[in-house]
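Here is a short note on the structure shown below. The points are numbered and can be read in order.

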Amino acid sequence: MKKALMTAAATALLLTACSPGEKVEEAPAAEMASAEAPAADAAAQPGSEQARIRTAPVAPAAVAPAPLAPIAKIAYAFSYALSVPEDRGAELMSRHEYACVSAGPGLCQVISAQADWSGRDPSGRLELRGQPEWINRFRAGLAVDAQNAGGRLEEAVTDGEDVTRGIDAASTGAKTSAALADRMRELQARTGGTTKQRLEIERELADLQRQRDAQQIQLRELNDRVQSARLTIDYRQGGVMAADSPTRPVARALQDAFGLSMGMLGFLITAGSVMLPIVAIGGVVWWAAVRRKRKPISA
């Protein structure tokens, strides 16, 4: 009996000794659970700061801008065709030529001017070269000029030639020739060498100088083409004699008929002027022969 009581008392002591430790271990777990619960509720709310941080969009990485395209050196040439009445073509062409001359050689120069307003197909051509900005302003008003003269703008062509490679090649060649010439002069300045060798160096220097001069001329010509623009204007007959006019065949036929009639009349006048002396001389000879025959009969 005593043994059973002692065993029950030892069991009770062990249970009381273990229960505080479990409570101590359970307390921190309960506190952590209670602390995580409000945090989870705060994160679940859509208007909370943590929700905004989590849902904020990620800024894209900065993209470097693409490099610009290299600027090419282009020589421009423009070609325009104006259809105007025959009696206004010469006036319009003269006004355009005068506008170029009045601007001065620094802005515009007349390269050539050709016109035939009295032929079968009256036409004219004006070629100008000038500063690109001035040429652009001038050609922008060609359509209005043609309309004011009773015609229209028929063609407008822009042609550009890339001369970048030619300019680079001429510039590099000129620099190379200059460098070689300097080296040759250094060799020439040194003492020693035979007369034949010195003459050979002189010939090489002369060839290099000619080559450099040719390259400089080519480079200057290409730069002048880039820094100026060429404009060609063709003036054609408009109105009833225009190429696309439906009355052109009738007008051309009447013109041909009148020309043919005048040609026949001219031929007859020419033939009459040639035959008239012959007929007159022949008539005098015939009249003299007939009169001579009549004299013996009457005797």
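1. Which residues make a nonpolar surface patch of about 460 Å²? The patch is formed by Leu260, Met264, Phe267 and Leu268. Patches consist of residues with over 30% relative accessible area and no salt bridge, where like charges are joined within 9 Å and nonpolar side chains (Val, Leu, Ile, Met, Phe, Trp, Tyr) within 5 Å. Leucine 268 sits in helix 8, residues 248-298, and is exposed at a relative accessible area of 54%. Buried means under 20% relative accessible area, exposed over 50%, and partly exposed in between (1.4 Å probe, protein chains only).

2. This is a predicted model, in which local features need pLDDT of at least 70 and side-chain atom pairs count only at pLDDT 80 or more, while totals for chains, interfaces and linings use all residues. Residues are numbered from 1 along each chain as its sequence is written, and side-chain values use heavy atoms, with hydrogens and water left out.

3. On confidence: pLDDT is the predictor's confidence in each residue, from 0 to 100. The chain averages 77, and 70% of the residues score at least 70. Residues 1-6 stay under 50 and have zero contacts beyond four places in sequence; a contact means heavy atoms within 4.5 Å. Where pLDDT is low, the predicted coordinates should not be read in detail.

4. The chain has eight helices and five strands, in the order α-α-β-α-β-β-α-α-β-α-α-β-α. Helices (H or I, at least four residues) and strands (E, at least two) are DSSP runs, numbered from the N terminus. Of the 299 residues, 20% count as buried.

5. There is one disulfide, defined as a pair of cysteine sulfur atoms within 2.5 Å. Cysteine 100 is joined to cysteine 108, S to S 1.9 Å. Their link is left-handed, with -100° about the S-S bond, and both cysteines are buried.

6. The salt bridges number 10; each is a side-chain nitrogen of Lys or Arg within 4 Å of a carboxyl oxygen of Asp or Glu. One of them pairs aspartate 234 with arginine 125 (2.7 Å, N to O). These residues lie 109 apart, in strand 5 (residues 229-237) and strand 3 (residues 123-130) respectively. Aspartate 234 is buried at 14% relative accessibility, whereas arginine 125 is partly exposed at 35%.

7. Glutamate 154 meets arginine 236 in another salt bridge (3.3 Å, N to O). Arginine 236 is in strand 5 and glutamate 154 in strand 4 (residues 152-162), so the pair ties together parts 82 residues apart in sequence. Through shared partners, salt bridges join Arg152, Glu154, Glu155 and Arg236 into one network.

Notes:
Accessible areas come from the Shrake-Rupley method with a 1.4 Å probe; for residues, only the protein chains shown count as cover.
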